[in-house]
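Hi,

Here is the structure I promised to send over. Have a look at it first, then read on for what I found in it.

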Amino acid sequence: MLKLERRKEPSKFMLYVTPFVAVVLTMLAGLLLFLLLGKAPVQAITLIYFTPLTSIFSLTELAVKATPLILIAIGLSFGFRAGIWNIGAEGQFIMGAVCGGAVALALYEVQGIWVLPLMCVAGIIGGMLWAAIPAYLRIRFNANEILVSLMLVYVATLLLSILVHGVLRDPDGHNFPESRLFHDSATLPILIENTRAHLGIIVTLVVVVIAWVFVQRHIIGFQIKALGDAPRAAKFAGFSENRIIWLCFLTSGALAGLAGLFEAAGPVGQLVPALPVGYGFTAIIVAFLGRLNPIGIFLGGLLMALTYIGGEGAQIAMSLPSATTSVFQGMLLFFLLATDILINFRFRWISKKPDSLEPAPVSLQQAE
Amino acid sequence: MKRLFGMIWVLGALALLAAPLVSTPAYAQKTKVGFVYVGPIGDHGWSYQHHQGLLELKKAFGDKVETTHVENVSEGPDAERVIQQLAQAGHNIIFTTSFGYMNPTLKVAKRFPNVKFEHSTGFKRSKNVSTYNIRFYEGRYVAGIVAGKMSKSNTIGYIASFPIPEVVMGINAAYLGAKSVNPDVKFKIVWVSTWFDPGKEADAAKALSDQGADVLFQHTDSPAAMKLAEQKNISAIGQASDMKAFGPNAQLTALVNNWGPYYVSRVKAAMDGSWKSTDTWGGIGQNMLNIAAWGSKVPADVAKLAEKARDDIASGKLHPFTGPLKKQDGSDFLKAGEVISDKDLSGMNFYVQGIDGKLPK
Amino acid sequence: MDLFVNILLGISIAATPLVFAAIGELVVEKSGVLNLGVEGMMIIGAISGFAVTIETGSFILGILASIVAGALMAFLFGVLTQSLLANQVATGLALTMFGLGLAALIGQDYSGKSTGDFPKLDIPFISDLPIVGPLIFGQDYLLYLSIILVVAVIWFFNKTRAGLIIRAIGENHDAAHTIGYPVVLYRYYALLFGGACAGLGGAYLSLVQTPIWVENMTAGRGWIALALVVFAAWRPGRALLGAYLFGGITILQLHSQGFGINIEPQILAMLPYLATIVVLVLISRDKTKVRLNAPASLAKSFYAST
């Protein structure tokens, strides 16, 4: 029979090869899908995977789309390593945009180089405050953070709606629910003219590098990891679980808030009810695609963004229904997740029951 | 479903593999028309009707146009990219069909001065951006007359989405229509804070019916309320498209958005070079809003009354918002004989006198 | 009085899809698996049930199709997370994305159609009694099934050997494995049950609550079901209660507007979510109690080297 066998140590080869295997498998499955839909499969695959890489405009759009995904996913990865599940980054994203955007609107009459930094700070604080709620409730009342953070997404979405229907509404906007357009010193500088590539992309790159250094070198990185792998052992080693929870939530909240602000002050340029488009959720997938590693997340974010932009391109060029994009993305994720197993395991044919006397694995939790 | 599982199909379609990677026949003569939809075509409401307009366009021009549509485009950060992609792909005229596309449309239009843009329901224009909308309130007034006459409980339920001027003027117009034929009529308004959630729309419809409403209006996008009205054996007014399939007995009439004629005329203008940036706000008279055939329940005298209002509105003889009218708080709104200006109408943020409940902000 | 009965009827209809999805997920989580793909399984159940009912004209076949389709989705999740040890959180999210897309693709040919009324229990005379008639003896059949399912799950966990095994596996899969229980197999069973239930919940939406098909018609109910499981502290009875509470708040906020109570509608719309948080805090305060019910192995992959 076919049996999984744990490798002695993770395969470096597989670590790098599996993403490509997954992409190739998705292409093959995609061919089948497009055949079933009666659409030219090779053309569709080309449009989704390659065409976006062939023009400056779509490359910049790729970066614009990937920026929030990567920023949020980096923040989430710390918590996920520690087994702390912040599923509500979407809400923190919204609150970041709301707080930062409110600053921009309050300073509507004011121009100045300090406006944008102030907005960033407000956005970060907004995200952190929203993330602090599940953290506090988890620590103080033991309330499950997955659900509290998730419920708060709905609350944040409605809060944004209340605000753009109310106090933040454009006074000259015929009572339509959207804010004024931010003025120039409240919008992110554009890197390449006539595109939407904004300063946030650079900031994101810096965050990726910092996170990478942090995880590689810094003791907190180790603590976080230890907590996730063996919470009680970590406790004995003197790490404070509460401290880690705070740290993880505030970090992910801050980065999600920043991402939200970048979205409002960058590609959108105002507060609108439709600002959140699910980046907070997609970023969770990106975090796992990148195996919670900052560099991996960077690549995973780009890949995810590619399928979105390619999907739109395929819709335009071939009138594929938009649902195809989600099906296609779903398949890509399935294959990526499925092939992950090859890193830590290998398949072997075993003709008869192995007679090894190796004891069953006992998790650390039990051991203590 | 059938298609998905037809294996023969697969084999047949394998031939498509041989299709060239990118087909680039010369379309020199063709006008390329792009559409951006906020919902899926299958929403059977707002986006569905725009798509009907696209189909009409194809029928009118045949080979002379090439149409592209992109559905499910969120009004957030993605809109600008999609519009730009359409412009880059060589579309000559692009229709962006939701309010939230206003600023993205303008931004892209600036970069593509030779492409013509048409934004639906917005108010900002530029040299190559037109705006267009339908005077939905005209139809709501007519439907209000039918509802006011047909209601036995004198209670009309209204499922509203968000308190924007478009929705508020719709409520006011429906109320004024109903009031004009039934002085005792009361409106019960439920705000569901969503454009599209069939479950919640059905729940709201149910709540309204439980509270005694026997005619339902909706300003949300799914046919759920109509279906519920059918089940509850009460009546409803269809929204955006003819919803008779969902409420063969329940539907008194439906307000059908008819974008086709506008699209045909604008594309024609783009073809012959007469296209100019304009603001179009057409209603029944311009054939942009159709009143669907009366339901079987509607008696002839009621139909006659409504038809007269419909024809008077179409000919300009009647405007639903004609004074004397007071606002909900009793303050003056329109003097006797005064007709509301389009500007006041498009920013309407108060109920007229007689509607109970507070208008949310 | 009629209004009172009608409000209760409305609540039960709003709650039932949540009951199905939550009770299924509860069993899954009890076995130590976290499947965040409930929304995806529900929507697939909704379209399958609807499409088959339209094609065959039979509600029974439609319901069966939704069960099978939901279970198939869960099977996919099982292959990835149980056999290939993929991360459960990410797989669940991917499942939702995939399900929403696939349902929309399948559903292209079905928008604009509608089924007839779903059959209701109708006992002569008894169903016509005031109050109890419509509430207890006059609901649709699926609603009764949802209640029966909850009772069955309570019985299953407390009285059957398989129920005990699943609880043991959820508590500590390594220990359960050492004793000789087939961890992965039982988790597959639990997942298939969960998928079937989610499919049923979806079918309830597209066949009973709003008998039409529109894209994204689950509109986040799968997520609510997930919240209900934790809200219920993994107790089936409490999940039922939670679903009705949630349905109650949803319906009452709509009614309160009809009565002219003036609160911002968005704040009313927030209420169910805020209430969930509050209740969550209230029931989680006692750590020992939660630990008693929460499956300790939740969301952890299991790999047996022997």
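Before anything else, one term: two residues are in contact if their C-beta atoms, placed from the backbone, lie within 7 Å. Bear in mind too that this is a predicted model.

Let's start where two chains meet. The contact takes 44 residues from chain C and 42 residues from chain A. On the side of chain C that touches chain A, the elements giving two or more residues are α4 (88-107), α8 (173-179), α10 (221-231), α12 (265-284) and α13 (287-293) of chain C. The largest share of that side comes from α4(C), with 12 residues. Sorted by class, the side of chain C that touches chain A has 28 nonpolar, 12 polar and 4 charged residues.

Within chain B, confidence is highest in strand β3 (residues 93-96), at a mean of 97, and lowest in helix α2 (residues 7-14), at 40. Over residues 1-27 of chain B, pLDDT stays under 50. Where pLDDT is low, the predicted coordinates should not be read in detail.

Next, a sheet in chain B. Its 6 strands form an open sheet with mixed pairing, in the order β7-β6-β8-β9-β10-β12. At the edges sit β7 (186-191) and β12 (289-291) of chain B, each pairing on one side only. On average, neighbouring strands of this sheet are turned by 15° against each other, direction ignored.

Zoom in on strand β6 (residues 155-160) of chain B: 4 bridges join it to strand β8 (residues 215-218) of chain B, and the two run parallel. Tyr158(B), for instance, has Phe217(B) in β8(B) as its bridge partner. Helix α7 (residues 165-181) of chain B packs on the sheet and touches β6, β7 and β8 of chain B, its direction making about 170° with that of β6(B). Another helix, α9 (residues 224-232) of chain B, lies across β6, β8, β9 (235-240) and β10 (251-257) of chain B, at about 165° to β9(B).

Leaving aside neighbours within four places in sequence, Ala306(B) is in contact with Val142(B), Ile145(B) and Val146(B).

Cheers

Technical notes:
Residues numbered from 1 in each chain as written. Chains lettered and ligands numbered in written order. Predicted model: local features only at pLDDT ≥ 70, side-chain atom pairs only at ≥ 80, totals over all residues. pLDDT = per-residue confidence, 0-100. Pairing = 2+ DSSP bridges. Axes fitted to C-alpha atoms, helices over the stretch in contact; angles between N-to-C directions. Nonpolar A, V, L, I, M, F, W, Y, C, P; charged D, E, K, R; others polar.
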